[in-house]
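Please consult the sequence and the coordinates as each point is raised.

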Amino acid sequence: MKWVVFSDIQGNLNTLERFFAQVEADKFYCLGDIVQHGETFDENRVVDLLKEHNVVCVGGNHDSDLVERVNPGHQSVPKITPETTEFLTLLPLEITLASEGIHLSHYGPSMSQRVFTPEDSETEFKAMLRRE
């Protein structure tokens with residue numbers, strides 16, 4: 001079985017369309033940052049394309065940031081549809097494929113720590129190992 005894992009689409013519909021045209025897999029996983037700022041209609045189509053290809057997704061910081069900008073009861077980001085908002089809202093921050101021994105996430109264990117240095121990376125990696 002062939003899996004393909006990717007992330008950080010950032011609302012780039014053209015690249016995602018080319019990706020799916022060129023890459024074949026039994027299962028696709030997207031590790032977040034599906035959208036950028038919600039300023040184009042392409043971000044709605046990106047979400048639709050992920051759904052069409054049955055991509056298993058987790059949320060990233062850009063996805064969470066966009067959801068936070070949508071006020072309850074009305075759309076404060078006019079180009080993002082309610083369906084896209086709902087999709088992004090329901091994204092888990094992590095998934096574990098227990099039978100495979102694989103954990104997938106956009107973030108490290110702290111869920112907010114940005115990794116800028118090798119030391120940051122080492123700290124996050126050790127925290128991941130402690131979680132098992």
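Q: Are α2 and α4 roughly parallel or oblique to each other?
A: This is a predicted model, in which local features need pLDDT of at least 70, side-chain atom pairs count only at pLDDT 80 or more, and totals for chains, interfaces and linings use all residues. Residues are numbered from 1 along each chain as its sequence is written, and side-chain values use heavy atoms, with hydrogens and water left out. The axes of α2 and α4 (residues 82–89) come within 9 Å and cross at roughly 60°; axes are lines fitted to C-alpha atoms, for helices over the stretch in contact, and angles run from 0 to 180 degrees between N-to-C directions. Because angles under 35 degrees count as roughly parallel, over 145 as roughly antiparallel, 65 to 115 as roughly perpendicular and the rest as oblique, α2 and α4 are oblique.

Q: How many charged residues has the contact of α2 with α4?
A: Ala, Val, Leu, Ile, Met, Phe, Trp, Tyr, Cys and Pro count as nonpolar, Asp, Glu, Lys and Arg as charged, and the others, Gly among them, as polar. The contact of α2 with α4 has 2 nonpolar and 2 polar residues. Its charged residues number 2.

Q: What is the order of the strands in the open sheet?
A: Two strands pair if DSSP finds at least two bridges between them. Here 4 bridges join β1 to β2, and 2 bridges join β2 (residues 27–30) to β3. The edge strands, each pairing on one side only, are β1 (3–6) and β3 (56–57). With parallel pairing, the order is β1-β2-β3.

Q: Which residue of β3 is the bridge partner of C30?
A: Within β2, Y29 is the bridge partner of V5 and stands opposite V56 in β3. For C30, the bridge partner in β3 is C57.

Q: Which helix lies between β2 and β3 in their β-α-β unit?
A: β2 and β3 run parallel. They belong to a right-handed β-α-β unit whose helix, spanning residues 42–52, is α2.

Q: Are α1 and α2 roughly parallel or oblique to each other?
A: The axes of α1 and α2 come within 9 Å and cross at roughly 20°. The contact joins L13, L16, E17 and F20 of α1 to D42, R45, V46, L49 and L50 of α2. These residues divide into 6 nonpolar, no polar and 3 charged. At that crossing angle, α1 and α2 are therefore roughly parallel.

Q: Which residues of α4 make the contact with α3?
A: α3 (residues 61–69) and α4 pack at an angle of about 125°, with axes 9 Å apart, and are therefore oblique to each other. The contribution of α3 consists of D63, L66 and V67. From α4 come T85, L88 and T89.

Terms used. A crossover is right-handed if, with the strands pointing away from the viewer, the path from the first strand over the helix to the second runs clockwise. Contact means heavy atoms within 4.5 Å.
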